[in-house]
Amino acid sequence: MKDIIEKERRIYNQWVANETLEDYALRYSPSKYRAWSSLLLANTALGGISFLALEAIGAVLLITYGFSNAFWAIILASIIIFIAGIPISYYCARYNIDIDLLTRSAGFGYVGSTITSLIYASFCFIFFALEAAIMAQALDLYFNLPLAWGYLLCSIIIIPIVFYGVTVINKIHLWTQPFWLILMLLPFYFVFSHEPEAVGYLIDFKGIVTNSNEFDIYYFGIATGISFSLIAQIGEQVDYLRLMPDKDKSNQFSWWFSLISAGPGWIVLGGFKQLLGAFLAALVIFTGLGIENAKEPVQMYLAAYNYVFTEPETALLVSTIFVIISQIKINVTNAYAGSLAWSNFFSRSTHSHPGRVVWMVFNIAIALLLMEFGVFEVLHKVLGFYSNVAVAWIFAVFADLAINKPLKLSPPIVEFKRAHLYDYNPVGFISMQIASVISILAFIGLFGDYAQAYSWLIAMLLSLVLSPFIAYVTKGKYYIARKNTHFRDSDQQVMCEVCDIHYAENDMAYCSFHDSPICSLCCTLESNCHDQCKPQESHVTRKKLTNAINWLFAGFLPENMAARIAHLFIILFYILSLVAVTFWFVGSGLGSTISSDLFIQKQYVLFSIISVLVCIGAWWLVLAHESRLLAENELSEHNKELIKEIADRKKIEGKLRLAKKEAEAANQAKGMFLANMSHELRTPMHGILSFSHLGLKNIDKENKEKNLKYFDRINISGKRLLILLNDLLDLSKLESGMMELGKEECDLAKVLEACLAEQESRIQEQKMLIKIDTLKNRLVFFDKVRIGQVITNLLSNAIKFTPSGKSIYISVNEETRNNVSSICFSIEDEGVGIPDEELEHVFDKFIQSSKTRSGAGGTGLGLAISQEIIHLHHGEIWAEHSPSGGSIFKFVLPIQ
Ligand code: ADP
């Protein structure tokens, strides 16, 4: 399968392949990219806390619920947000992943965190809209720029800054931070010195709703809930902290300092700014500017700057500059975090990723539309509603990191890759759903006033209890679907064989579909594998519901129908819940924009009509889904067949290639054989012809001695020819199976003695030393003529290929080979040796070793004949290297 998929390389567009733009969105960010100092990143992460919505929240809390409730609400919410932020910041900075990747790992599962990505992305664009609107108000106030144009301008200027990711954002925050700090704190010095009684006015401030400045447990609950809605900000903080450098001994202090100050510590600044906002709101009312102005950050700071500058124009200009700087700083973060959240959401739900930059523009475009529609009231309502879900989410993650991990209910590793995770882990996913649903029901007032005021507390406690409980009940089974057995926890680069780009081992998984390493993003985007690499645990709810429906209808339903109905119910549940929530929003929140009486009267009729339409749509969805699955299955079957066919063809191709190679080798061998043969035949033939010619010519002239010499030469050449012809004859007999063996009980040592005697004169001539170690009187059944032929050939080769004066070692002993007791003959020389790759081939017909081919003579038939003879005896023959550099030839014969 690999070969086929290999050709379809994934080619990312330039934006995705360029990590300066992409910022390792959706991935582990490797140390080579994290080159910024931890303090610089902390500065960037804290730069976003300039947002003036903080002051606005402080002002609203004070004006609505009075000083004590507002003050203690801000303090309590800040303390809890701080604590929740500690483990989340630590894990993101230590493992270099963003909040979404952490959520997957911390009990939600790979798909389970898609919903939190969506909620987080919504936070990002809602806050973007709210903050940009504050900036537009300032532009309107100073330049009289109509709000609609202001919204557009405030949105567009963010795009070029966030386009280049953290690289440019770092610079923006570095340059603006000192101005922003000075501009924020400067007016307070003047206010305190000119108007010391403003503090007393703040403390005595009575809320509109409470009509008192005293502490009230009910209103305190509501106020805390509002301040608590800021909890999701930790996601934006860690979007930067994930790029912190590795912690080591040299940077320990600054690492921890940056982590704590820019991670959980954001709320220290955040809480302080809410209190400042409360103070400024009191100041605005104190100076007689009215309640509506007291909620607007521009007016709040303008009131303060009026104490700094005597000229109202200058005060307005400086406060406008301050608002613009503050809001650009936060909206850069909102747009950046939104781009990551949308990338996370869409890459998993659609298996495509056009690039972080595209989602950044998308995020800003939605925010702009919301601003242009002027739906700020709805946005505030949605935020209040959402904050229950956000609290449930953040505390489910917190519980996993701070409770489940120390209790070993959750694995110590942080795993975010699709290949290794279950789609859903009930630990976080179910905890968050239960906590969200119950807290939302409380929030809309179903469980009474106090439960409504404290719905945030319900969400928080439920998540904190449910997460460890479900982890305990499920025994942590759904955290890891497949163990990572291929890659280490390291930044070593490995090539992803799908996109051909190198990523750190920490970002890689082994893909069984592609049969190769795959990077986490390619794995996310793979839509054809159907998660074949891991156990499937999806659609559990649908399966359970199908069983229940089958049971209810006791088998009356046609096959498949129960599954269809279950699927329909699930789709209906989600869509109708969404419709119901929208109705609730419209019914309760927009009384001023549409006639709520008319709406309440008709809402049931409207809901019924919409429900019917939703039912039709849902049924269509179920059937469309089914037919898509069918088509996909069919396609995959065809694919399988195709793949098999291609594999078969490749096999045949391989065989053909091998056969071609063999034919070429045979051809080459034939060529060599012909060359050798003609040489071997021609040399003795020449000898015979030339000496017989000489003899004939000079028969009367020459003396007897000379004639004898001619006959001797003719005789030698004739013998040489005879040996060659005998060899060829032997080989053809052996190959055609015509060779008959005359086996009898013989002693191999005796046969060896006879062969040595035959070669005595050559041994003497070459001054060779023969060392023999043989087993005597061991009788074995074999054909002594043929085995003698083998030994003579081996001995003659050893003499032929060993320089004079060297030694030859011969041994005969008994050994057990493959459980058969055998007699083993070995002959070792100190000659030229045989190269490794030729050790086997020298037994082939007409083959000579490359070391001896030139000039040594021979036909390359001796070893081939020897091998055939040994095989006929059911033995084995082979060649080895000798430690001296020469060769060892061995053969074994079974004793029985
Ligand atoms: P021949 O010796 O007639 O060429 P053989 O079949 O006996 O034919 O040997 C085949 C080849 O194996 C030789 O040509 C030589 O290249 C190689 N060979 C055989 N024995 C030895 C040895 N003892 N040392 C080095 N090469 C050897």
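A residue counts as buried when its relative accessible area is under 20%. I note at the start that I am working with a predicted model.

**Entry 1: helix 22**

I looked up Ser-431, which lies in helix 22. Its relative accessibility is 0%, so I put Ser-431 down as buried. I then listed what Ser-431 touches, leaving out residues up to four places away in sequence: Pro-426, Ser-463, Leu-466, Ser-467 and Ile-470.

Next I took Ile-438, which is found in helix 22, residues 426-443. Ile-438 counts as partly exposed because its relative accessibility is 32%. Which residues make a nonpolar surface patch with Ile-438? I found Ile-430, Ile-434, Leu-446 and Phe-447 together with Ile-438, in a patch of about 420 Å². I wrote a reminder beside this: an α-helix has 3.6 residues a turn, so residues three or four places apart point the same way.

**Entry 2: aromatic rings**

I searched the whole structure for aromatic pairs and got 44. One of them is Tyr-424 with Phe-429, a tilted pair with 4.9 Å centre to centre and 45 degrees between the planes. I checked the cover of each partner. Tyr-424 is partly exposed because its relative accessibility is 36%, whereas Phe-429 is at 13% and therefore buried.

I also followed a cluster in which ring pairs link Phe-125, Trp-342, Phe-345, Phe-346, Trp-359 and Phe-362.

Then I looked for charges over rings. Lys-247 lies over the face of Trp-255, 5.7 Å from the ring centre. Lys-417 lies over the face of Phe-416, and there the distance to the ring centre is 4.9 Å.

**Entry 3: two enclosed helices**

How many of the nine residues of helix 14 are buried? I counted nine of the nine in this helix, residues 233-241, so helix 14 is largely enclosed by the rest of the structure. Among the buried residues are Gln-233, Glu-236, Gln-237 and Asp-239, as well as Ile-234, Val-238 and Leu-241.

I did the count for helix 18, residues 297-305, and nine of the nine are buried, so helix 18 is largely enclosed by the rest of the structure. Its buried residues include Pro-297, Gln-299, Met-300, Tyr-301 and Tyr-305. What do the buried residues of helix 18 pack against? I noted helix 5 (53-65), helix 8 (114-143), helix 11 (165-194), helix 16 (266-286), helix 17 (291-294) and helix 19 (312-350).

**Entry 4: Met-495**

I found Met-495 in strand 1, residues 493-495. Met-495 is partly exposed because its relative accessible area is 32%. Leaving aside neighbours within four places in sequence, I found Met-495 in contact with Asp-500, Ile-501, His-502, Met-508 and Pro-517. I also looked at Cys-519, which is 24 residues from Met-495 along the chain; their C-alpha atoms are separated by 8.1 Å.

**Entry 5: positive phi in two loops**

I looked up Asp-515, in the loop between strand 3 (508-511) and strand 4 (516-519). Its phi is near 55 degrees, a positive value in a residue other than glycine. Asp-515 is partly exposed because its relative accessibility is 39%.

Asn-818 was my next stop, in the loop between strand 8 (807-817) and strand 9 (820-829). Asn-818 is not a glycine, yet its phi is positive, about 50 degrees. Its relative accessible area is 62%, so I put Asn-818 down as exposed; the cut-off for that word is over 50%.

Note on methods
Residues numbered from 1 in each chain as written. Predicted model: local features only at pLDDT ≥ 70, side-chain atom pairs only at ≥ 80, totals over all residues. Heavy atoms only, no water. Patch = residues over 30% accessible without salt bridge, like charges linked within 9 Å, V, L, I, M, F, W, Y side chains within 5 Å. Areas by Shrake-Rupley, 256 points an atom, 1.4 Å probe, with all protein chains shown as cover. Salt bridge = Lys/Arg side-chain N within 4 Å of Asp/Glu carboxyl O. Helix = DSSP H or I, 4+ residues; strand = E, 2+ residues; numbered from the N terminus. Buried < 20%, exposed > 50% of the residue type's maximum accessible area, 1.4 Å probe, protein only. Phe/Tyr/Trp six-rings, centres within 6.5 Å; stacked < 30°, edge-to-face > 60°. Lys NZ or Arg CZ within 6 Å of the ring centre and 35° of its normal. Contact = heavy atoms within 4.5 Å.
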